[in-house]
Amino acid sequence: MGGGKLKSQKTQARLANLIRLICLVLFCGACSGGSKPNSSTPVPRRGENQVFYGYNSFDGYPSLSADGTRAVFVSTRDGIERIYKVNSDIGKEAPTSVLMPTGVIVGGQRLAESMAWLSPDANSVILRVDYGGYTPAAISKLYWVSFATGQNPQLIAQTTGKFSAVVFSSDSQFFAYTTTTLEGAHSVSLAQTGNPSPVKITDTAEQTAFFLQDQSSSPQYSLITFTMPQYPDQTRVAFSQLAFTDNTFNYSRSSWGTSPTQKIYSDSEPLMSRSLKRAYFVEDVSEQGDYVVAKGNAAALSGDVPYHVKTLVESIIASADVSGNQWQDETWTRYGSDIKSLSFSTLNELGTYVSQWEYKCKDSSGADLPTVSGGALLLAALSENGASSEQQLLLPVVNTISQEWTVASDPCTLSSLQLADTTVYAGVINANASKNNFRIIYSSAYKRSSSIFFLDQTSAGQTLRPVH
């Protein structure tokens, strides 16, 4: 009797433990919600002197509307690359939702949505889907879809290569995109937003740069394209201007000049952004110097340093005065390397960029602290006389004991209990940004995971929050 009772008690205990285990699994699964945190506080992940806030997923390729109130980005938080949208005033919380509830279906399977570009008026989204992997049968498709509904995406074009460098006119009436073949040849096509019937406008090795002007009072659209160097020394990049007035795309072509920069890597796609009066360019250049700038209360480094943190310090951004719609060689005196993204307001000379920096910090006694390298988010401004200034913007900071989340502008000023996120790799400022009213959406990546953040500037100051 006693043995049977004991055996029954053991069986009941095992059953109870099994039930607890099942409940724990179910509870954890419910909490994960597709790997999303269950509170508004970001989840810190630490490693190699870096902090990462994330959903254990990929969040990237952010795009903003001109007023900054709407945005799109690509995320794998639901297990497949999908485009998410945000509708939020500057300074307000930013809830997200899937752009296309149904998505693009081929053979009964939803395709991964790998890229997204939002029109300035936020009515339209151009998106790219890819399928077939890295096989010769791989196909990339470009679609147009309404931001408001996300329904009935319209096919624009498809290729066995890839689509990149999608740009809109400021009034959102037209867009241009680059098609790159598997052999590396580039061509540019123009289309009307909302009714896309693209026209291929060039068969040369040109890539889309930006729309230079579009005046609604007297419609005139100018698209600047550039041609990669085709001769041995590879020291110049030729630009041309394509002007048209309506969707017939009867364009005229004129030379816009060349860039007298150092050697450009022929397989790269230079970063470009247009502001009110200038065009900004960043190219990878061949440079033998090994000087590295260190920000904050840090010492400048020189000598044998990793190549990926080499940044030319005399300047970061190259600019060309486009107020007269002409290229001026003498304005191209500034260049840089290790720039990950570049974005400017089209209302003034204010923009943001992400640069690879090396932080060699010191404590209050002057002793060296561990070196930290990573992306830095900066705000750049250009005055009327051409002088430039830059300011490092706020970054997420976590107290390693309490795991409380705050912000800081300089990793070198943090205490030993704090870690700052220096893993920023992409940032976009809204096109209508002003000095005291702007929104920046940026991506921060650590290893195979990344997150999206909003940095808002209002009259009350700067606020930083993760996009859940």
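Please keep in mind that the model is predicted.

Four strands make up an open sheet, ordered 9-10-11-12, with antiparallel pairing. Its edges are strand 9 (112-118) and strand 12 (154-159), each of which pairs on one side only. From one strand to the next, the twist averages 25 degrees. Within this sheet, strand 10 (residues 124-131) and strand 11 (residues 139-146) run antiparallel and are joined by eight bridges. Arg 128 has Leu 142 of strand 11 standing opposite.

I turn now to the aromatic residues. Across the whole structure, a search finds twelve aromatic pairs. One of them is stacked: the ring centres of Phe 73 and Tyr 84 are 5.9 Å apart, and the planes are at 15 degrees. Because Phe 73 belongs to strand 4 (residues 70-75) and Tyr 84 to strand 5 (residues 82-87), the pair ties together parts eleven residues apart in sequence. Phe 73 is buried, at a relative accessible area of 0%, and Tyr 84 is buried at 2%.

A further pair, Phe 211 with Phe 244, is edge-to-face, with 6.5 Å from centre to centre and 70 degrees between the planes. Phe 211 sits in strand 17 (residues 206-214) and Phe 244 in strand 19 (residues 237-244), so to speak distant parts of the chain, 33 residues apart. Both residues also belong to one aromatic cluster with Phe 174, Tyr 221 and Phe 249.

Finally, I note the charged side chains over rings. Arg 77 lies over the face of Tyr 84, 5.0 Å from the ring centre. Lys 85 lies over the face of Phe 147, at 5.1 Å from the ring centre.

Conventions. Residues are numbered from 1 along each chain as its sequence is written. This is a predicted model: local features need pLDDT of at least 70, side-chain atom pairs count only at pLDDT 80 or more; totals for chains, interfaces and linings use all residues. Side-chain values use heavy atoms; hydrogens and water are left out. Two strands pair if DSSP finds at least two bridges between them. Helices (H or I, at least four residues) and strands (E, at least two) are DSSP runs, numbered from the N terminus. Axes are lines fitted to C-alpha atoms, for helices over the stretch in contact, and angles run from 0 to 180 degrees between N-to-C directions. Rings of Phe, Tyr and Trp (its six-membered ring) pair if their centres lie within 6.5 Å; planes under 30 degrees apart count as stacked, over 60 as edge-to-face and the rest as tilted. Buried means under 20% relative accessible area, exposed over 50%, partly exposed in between (1.4 Å probe, protein chains only). A charge sits over a ring if NZ of Lys or CZ of Arg is within 6 Å of the ring centre and within 35 degrees of the ring normal.
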